[in-house]
Amino acid sequence: MERTALTRLDVSRRTPGGSRLARRMRHDGLVPGVLYGGSGEPVSFAVEARALRTALSRHGAVLEVAFDGGRPTPAVLKEAQRHPVRGDTVHVDLVRVRLDQPIQATVSVELLGAEDSPGVRDGGVLEHVTHTVLVEALPTEIPESISHDVSAMSIGETLLLSALSAPEGVMLLGDLEEIVIATLSPPRLRLEDEEQEIEQETALVGESEGGAGAEDAAAEKPADAVPGDERE
């Protein structure tokens with residue numbers, strides 16, 4: 001499990017402006033943002049979109065935010081607002097952190113060895129229910145992800161948060177015995193099999209109803225009736 005590394009992010013101070021200024025910045029390939037928290041005042045900045053994308057490519061990265069080439073300040077991503085259609089980052093909020101004080105962060109969960117598990121080999125379906133978990137650790141000790149080997153899971157088993165093993169110095173947060181990470185369910189019928197099963201059941205019901213109708217008609221007809229002898 002790789003731990004978080006410090007990533008330098010060069011930014012430029014900016015004067016807070018309206019939406020028109022923000023659009024102009026984005027048109028020039030810049031992303032507006034704010035750094036706040038700790039003992040300092042909120043500071044607005046602009047950062048190159050490409051540099052920001054690279055810095056945030058690692059989940060939970062601790063950033064060394066350097067204003068105009070000055071002394072860097074440790075910070076982590078608080079929130080990134082994205083364009084609803086293009087998905088581009090349109091604004092970013094960063095919060096200052098101290099490297100000697102623990103913080104809470106969300107990390108991804110990776111399941112390994114699913115193809116080798118007895119349950120999957122028997123046709124079961126492994127469902128990854130919870131993809132991220134909340135942890136607490138020093139900023140530089142936050143892992144990029146937590147992996148768990150599920151190669152021994154059988155059909156009907158459930159993987160809980162308590163089964164995950166966090167790196168030394170990292171604490172898993174939440175109800176360890178209630179949060180479900182994954183389940184391994186019995187085999188599911190394919191759509192084609194379900195349709196065939198429905199058709200077969202429908203045919204059987206139709207035959208049953210048809211046979212009952214013929215028997216009822218025969219019962220209602222008089223026993224001494226002679227074909228062709230019906231009168232008006």
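# Exercises on strands, loops and charges

Ala61 is found in the loop between α2 (49-55) and β4. Helices (H or I, at least four residues) and strands (E, at least two) are DSSP runs, numbered from the N terminus. The model is predicted: local features need pLDDT of at least 70 and side-chain atom pairs count only at pLDDT 80 or more, while totals for chains, interfaces and linings use all residues. Residues are numbered from 1 along each chain as its sequence is written, and side-chain values use heavy atoms, with hydrogens and water left out.

## Exercise 1: the surroundings of strand β6

Task: Work out how far strand β6 (residues 89-96) is enclosed, and describe how β6 is joined to β2 and to β5.

Solution: 

1. Of the eight residues of β6, seven are buried, so the strand is largely enclosed by the rest of the structure.
2. Strands of a sheet pair through backbone hydrogen bonds, either parallel or antiparallel. Here, two strands pair if DSSP finds at least two bridges between them.
3. Strand β2 (residues 30-36) runs parallel to β6, with four bridges between the two. Leu94 in β6 is opposite Leu35.
4. Strand β5 (residues 73-82) runs antiparallel to β6 and is joined to it by seven bridges. Asp93 in β6 is the bridge partner of Glu79.
5. The hairpin of β5 and β6 has six residues between its strands, and there Gly87 takes a positive phi near 85°.
6. Asp68, in the loop between β4 (62-67) and β5, has a positive phi of about 50° although it is not a glycine. This aspartate is exposed at 52% relative accessible area.

## Exercise 2: the sheet that contains β12

Task: Give the strand order of the open four-stranded sheet, name its edge strands and describe the link between β9 and β12.

Solution: 

1. The order is β10-β7-β9-β12, and the pairing is mixed.
2. At the edges are β10 (145-149) and β12, each of which pairs on one side only.
3. Strand β9 (residues 132-137) and β12 run antiparallel, joined by two bridges. In this pair Val135 stands opposite Leu172 of β12.

## Exercise 3: charged side chains

Task: Find how many salt bridges a search of the whole structure gives, and list the residues of the positive surface patch.

Solution: 

1. The search finds three salt bridges (a side-chain nitrogen of Lys or Arg within 4 Å of a carboxyl oxygen of Asp or Glu).
2. One is formed by Arg8 and Asp10, with the closest N and O atoms 3.2 Å apart. Arg8 is partly exposed at 42%, and Asp10 is partly exposed at 42%.
3. Arg86 and Asp88 meet in a salt bridge with an N to O distance of 3.1 Å. Arg86 is exposed at 57%, whereas Asp88 is partly exposed at 39%.
4. Between Asp100 and Arg98 the closest N and O atoms of the salt bridge are 2.7 Å apart. Arg98 is partly exposed, at 48%.
5. The positive surface patch consists of Arg20, Arg23, Arg24 and Arg26. Patches are made of residues with over 30% relative accessible area and no salt bridge, like charges being joined within 9 Å and nonpolar side chains (Val, Leu, Ile, Met, Phe, Trp, Tyr) within 5 Å. Lys and Arg count as positive and Asp and Glu as negative, without His and the chain ends.

Technical notes
Accessible areas come from the Shrake-Rupley method with a 1.4 Å probe; for residues, only the protein chains shown count as cover. The place of a charge is taken as NZ of Lys, CZ of Arg, CG of Asp or CD of Glu. Buried means under 20% relative accessible area, exposed over 50%, partly exposed in between (1.4 Å probe, protein chains only).
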